[in-house]
Amino acid sequence: MNEPLTNTVCPSSDRWVELLSGREDGDTLARHLDLQQHLDACSACRAATEEVRRYQTLLLRAKVPPLSADQRQALDDRVRMLSSQWTPPPRVSPRVAWGVALAAAAVLVFLMARPFMERRVQREHDFAQRLSLATLPADRAGEGVATGVVDAGIQVADRSGTWRPLATGERLRSGLRLRSAAATNARVVVPGRFEIVLTQGSELDILSVHANQAYLRLRQGEVDCQVEKLRPGQHFAVMSAGFRASVMGTRFSVQHASASSGVAVQVTEGAVRVDAADDPNAASAETTTTVRPGQRWHYEAGRMALEPIPASVERIVTPAAPASQPTAAATTPAVSAAKSVKPLPAKPEAAAPETPKHKFVIEVPPQTMTPEEIQRLEGGAPVSH
Amino acid sequence: MATAQTKEEQAQSDAADQALVAAYQRGNGHALTELYRRHGRRVESVARNLVGPSSELEDIVQDVFIELQRALYRFRGESRFTTWLHRVTVNVALQYLRKGRRKGFLRWVGLDRVTHNISHPTESRIEARDLCRQLYDILGELPEKKYVVFALYELEGMTLEEISTSLGISTNTVKSRLFHARRHVFDTARQRGALPSHALQVIK
């Protein structure tokens, strides 16, 4: 804006505004002389200055006048009144302070709870995986056990879900599902390990089977189990509806009675430990129960009870049949017969003798527990197969 | 020499302002009255030129000092008190301006006062009133940022540097906004015939 004026270069109208208002920096007098000299020589700029002066007149005359004396006096009084009401404001607004404190507490709680939440989510995820056939652990090389005797009624399905007859000598491995054909009780024998009999319509998942352990899950129906003597470190367990019946001795029977409600375990010989199998919600000392001979453990509608075996129930437990014999005769609809097995080695807690002594029955009615109930019991997502 | 004196006076004035602010922060409420006595006219002028004809001018000035009362204890003296005061005034005036735009016709209630205080003949009063209305009509079409720069420079008479400091923007930005605002006002006023024909004679 401070270039010298010449007779050949005309200033812009903006510069004329600055020049005519006298607000441009520099030597005002010299610029004024320049301005007059240029205006004398340039008719276009003379016309421009007229416009600019009109513009400046507009601004000058359109300005709002200051307050009158009365208005000013009133304003003075109002501000003076303000001054007499001085109160030191708080450094931080209580509302802001509370907000910050609550936010900090929420962040702290979240950070503290996060590991537990992640662990719980992981456990539930693992549990859900185990419950789902599609996500059962894949068979690894060397896993599984070979069958010795397989009745014709036994069918097997792998992850694809295609059912086919289980052949004698075929290996049982993780991820397989067994069932008995309609109207048939069928038996699977793993020599030297165990023998299971599925009643009609029963389905059984093989969660894990190898040299030292056999974990089965009864999905529906009824399974009779006969287990050979377990060596130290060996395990055999049948899970159903979130509970697990683990072999503490050598002889037991698992039954799935369709007529009753809830889950029931009754022991006629030896001892059986019942606990919540892999249930992240139910796994606690309170849910672990050792059922002694003559006792019946019962779970129904969220309540567990340990009671003497009622005569009506005891009646259905029949004497064990020989291990090598078919079990069709030993089981009837809603009734399971205990199987005789070889004795377990003595355990301090179970004090199992050398003779067969463990018999128990688990009853899980398939139709009385909805997926939602199972979900609530297991604390995970609904199980759908 | 004159410039040096002005700077010296300015430094003394700033020191006095700082002392008053410190006194207020210590609990002396009368310091606010003194600050008002020293800067009230300037606040009123800035607000008046920003808002234009308005019946709420006194309210605006009072609100500026209410805001001051609320915020003075946080003032740390990192900038000049007057700069900070200008900024507060501009913000309060803009709030009123936004509210006034929503109110619409109420904006022109204050026009009566425009002519009330002028000791001109009736014809001049009417003309001044019309001019004022026309000017603020034109200014109302400007974006807020350009409007503020234009009002502070052309009407309030602040320098580019003062506007730059008060608004926290660069001098070049102020120049740019002023250029566009002035161009709009100039052209629009000419199109609408708002430039008084006899003004040239008056000025000359």
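Which residues make a nonpolar surface patch of about 390 Å²? I looked it up: Val107(A), Phe110(A), Leu111(A) and Met117(A). My patch rule takes residues with over 30% relative accessible area and no salt bridge, nonpolar side chains (Val, Leu, Ile, Met, Phe, Trp, Tyr) being joined within 5 Å. A salt bridge is a side-chain nitrogen of Lys or Arg within 4 Å of a carboxyl oxygen of Asp or Glu. Areas are Shrake-Rupley values with a 1.4 Å probe.

A note on the source: this is a predicted model, where local features need pLDDT of at least 70 and side-chain atom pairs count only at pLDDT 80 or more. Residues are numbered from 1 along each chain, and side-chain values use heavy atoms.

Next I checked Val107(A), which sits in helix H5 (residues 94–131) of chain A; helices here are DSSP runs (H or I) of at least four residues. Val107(A) is partly exposed at 47% relative accessible area, as buried means under 20%, exposed over 50%, and partly exposed in between.

Then I turned to the rings. Phe, Tyr and Trp rings (six-membered ring for Trp) pair if their centres lie within 6.5 Å; planes under 30 degrees apart are stacked, over 60 edge-to-face, the rest tilted. I got five aromatic pairs over all chains. Tyr36(B) and Phe65(B) are edge-to-face, because their centres are 5.0 Å apart and their planes at 80°. This pair links helix H2 (residues 30–51) and helix H3 (residues 57–71) of chain B, and both residues are buried.

Last, I found that ring pairs link Phe75(B), Phe81(B) and Trp84(B) into a cluster.

Methods
Chains lettered and ligands numbered in written order. Patch = residues over 30% accessible without salt bridge, like charges linked within 9 Å, V, L, I, M, F, W, Y side chains within 5 Å. Helix = DSSP H or I, 4+ residues; strand = E, 2+ residues; numbered from the N terminus. Buried < 20%, exposed > 50% of the residue type's maximum accessible area, 1.4 Å probe, protein only.
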